[in-house]
Amino acid sequence: MRLPTPFAPGATEQLETWAQRLRVPFVGANSGKGADPAAVAFDAVVAGLARGIDTVLVDTAGRLHTDERLREELRKVVRVVGKRQAGAPHESLLVLDATIGQNAVQQAREFSEAVPLTGLVITKLDSTAKGGSVVALRRAVPAPIRFLGTGEELDDLELFDPVRFAHRLVSD
């Protein structure tokens, strides 16, 4: 299920398309703009519970680590979801672009202060990026790396294997 934001209107359509490809339900704001992200997240959890779905993904794309207002909005989403489902969110994954180097480290630090992270997803680890930031991220934030993204297809998201990653990092 998808939580759209007024800051990334294109993401709503992309995620709805992915939901259709994966044949999973999609919940988003009716208007797409101006909706309270916490209210949309709440509605998604309510819909998931009503449908007997045990996993609800709430995407909060567009939360810049440099914008305190957006970090507070993220905290609100976490509070509201936790009120509807005890212990929620059960996972808080931060998706980071490996090509931005030290900016990814700073983003991870800022977000981990706003919301406790349970894992990291590092994307754009294709031929254009070896992912040296992965090592720096692991040292900077106490959250484990859960997934690596190496492309834009479903099969391009893989579970993080540190041995395989280290081999890839130093191989030709």
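This is a predicted model: local features need pLDDT of at least 70, side-chain atom pairs count only at pLDDT 80 or more; totals for chains, interfaces and linings use all residues.

A: Residues are numbered from 1 along each chain as its sequence is written, and side-chain values use heavy atoms, without hydrogens and water.

From the N terminus on, the order is α-α-α-β-α-β-α-β-β-α. That makes six helices and four strands. Both are DSSP runs numbered from the N terminus: helices are H or I with at least four residues, strands are E with at least two. The protein chain has 172 residues, of which 35% count as buried. Buried means under 20% relative accessible area, with a 1.4 Å probe and protein chains only.

Now helix 3, residues 68-84. Helix 3 has 17 residues and reaches 25 Å from its first C-alpha to its last. That is close to the 24 Å expected at 1.5 Å a residue; the expected span is 1.5 Å times one less than the number of residues. Its buried residues are Leu-70, Arg-71, Glu-73, Leu-74, Val-77, Val-80 and Val-81. Their cover includes helix 2 and helix 4.

Take helix 2 (residues 37-50). Two packed helices are described by the angle between their axes and the distance between the axes. The axes of helix 2 and helix 3 come within 8 Å and cross at roughly 30°. Axes are lines fitted to C-alpha atoms, for helices over the stretch in contact, and angles run from 0 to 180 degrees between N-to-C directions. Helix 2 and helix 3 are therefore roughly parallel (an angle under 35 degrees). On the helix 2 side, the contact (heavy atoms within 4.5 Å) is made by Pro-37, Ala-38, Ala-41, Phe-42, Val-45, Val-46 and Leu-49. Helix 3 contributes Glu-73, Lys-76, Val-77, Val-80, Val-81 and Arg-84. These residues divide into ten nonpolar, no polar and three charged. Ala, Val, Leu, Ile, Met, Phe, Trp, Tyr, Cys and Pro count as nonpolar; Asp, Glu, Lys and Arg as charged; the others, Gly among them, as polar.

Helix 4 (102-114) is also part of the cover. Its buried residues are Ala-104, Val-105, Gln-107, Ala-108, Phe-111 and Ala-114. They pack against helix 3, strand 1 (93-97) and helix 5 (132-140).

How values were computed:
Angles under 35 degrees count as roughly parallel, over 145 as roughly antiparallel, 65 to 115 as roughly perpendicular and the rest as oblique. Buried means under 20% relative accessible area, exposed over 50%, partly exposed in between (1.4 Å probe, protein chains only).
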